[in-house]
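Please review the local geometry and surface of the model shown below.

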Amino acid sequence: MNLETAAQVGEALGGIAILLTMLFGLRQVLEWNQTRRNEITQRIAEHLGTTLVQRGMGVIANDLDEDFTQEEVLALSREQKNSINAILVGLNSHAIMTFQGHLSLEILSAYYQPYLTILEKRIRKLAKLLNSLWLNSTENQTYSVVGPFDWVIWLLDRIEEQPTETSPVYELHKDWKA
């Protein structure tokens, strides 16, 4: 083998090595993205499973009717207010993660749609009420134009746009195989 042929073979092997390295790197990035997505999805499940969030859902469903007033919310106990706040802060965080592309709206909808069929109007009203109280407080009147739960309202709008199940999930996916 002459020197020119050996150089060409070496160059080709170097190109193949670079290509293989790039493919390996791409695979690593894809696996990392899937792992991150799984971790974020797990956090949603953990959030919804906390006692405080479960209590908040109970407060919103059972202690506040759809026509609740500001006075009724302010009259709730500290524990009830904290549990409502846990739901709103969680929704707010999930909305921001969805907007930033870290969380799939489809996954979020799968978790929240069953609850929101009952709670959506009340949660929306709570978010607007608390935003209003925040923005109208003396300290925030001149500095804030964004309420603390604006992202909750954005997320409720996006979830509302998602298709809903046409029959129970256990019937729709009865033939599912992992």
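## Basis

This is a predicted model, in which local features need pLDDT of at least 70 and side-chain atom pairs count only at pLDDT 80 or more, while totals for chains, interfaces and linings use all residues. Residues are numbered from 1 along each chain as its sequence is written, and side-chain values use heavy atoms, without hydrogens and water.

## Helix 6

Helices are DSSP runs (H or I, at least four residues), numbered from the N terminus. Helix 6 spans residues 150-161, and its 12 residues reach 17 Å from the first C-alpha to the last, close to the 16 Å expected at 1.5 Å a residue. The expected span is 1.5 Å times one less than the number of residues.

Val152, Ile153, Leu155, Leu156 and Ile159 are the buried residues of helix 6 (under 20% relative accessible area, 1.4 Å probe, protein chains only). They lie on the same side of helix 6 because they cover an arc of only 160° around the axis, taken from the directions from the helix axis to the C-beta atoms. These buried residues pack against helix 4 (78-99) and helix 5 (105-136), with contact meaning heavy atoms within 4.5 Å.

Leu20 belongs to helix 1 (residues 3-49). Leu20 is exposed at 52% relative accessible area, the cut-off being over 50%.

Notes. Helix = DSSP H or I, 4+ residues; strand = E, 2+ residues; numbered from the N terminus.
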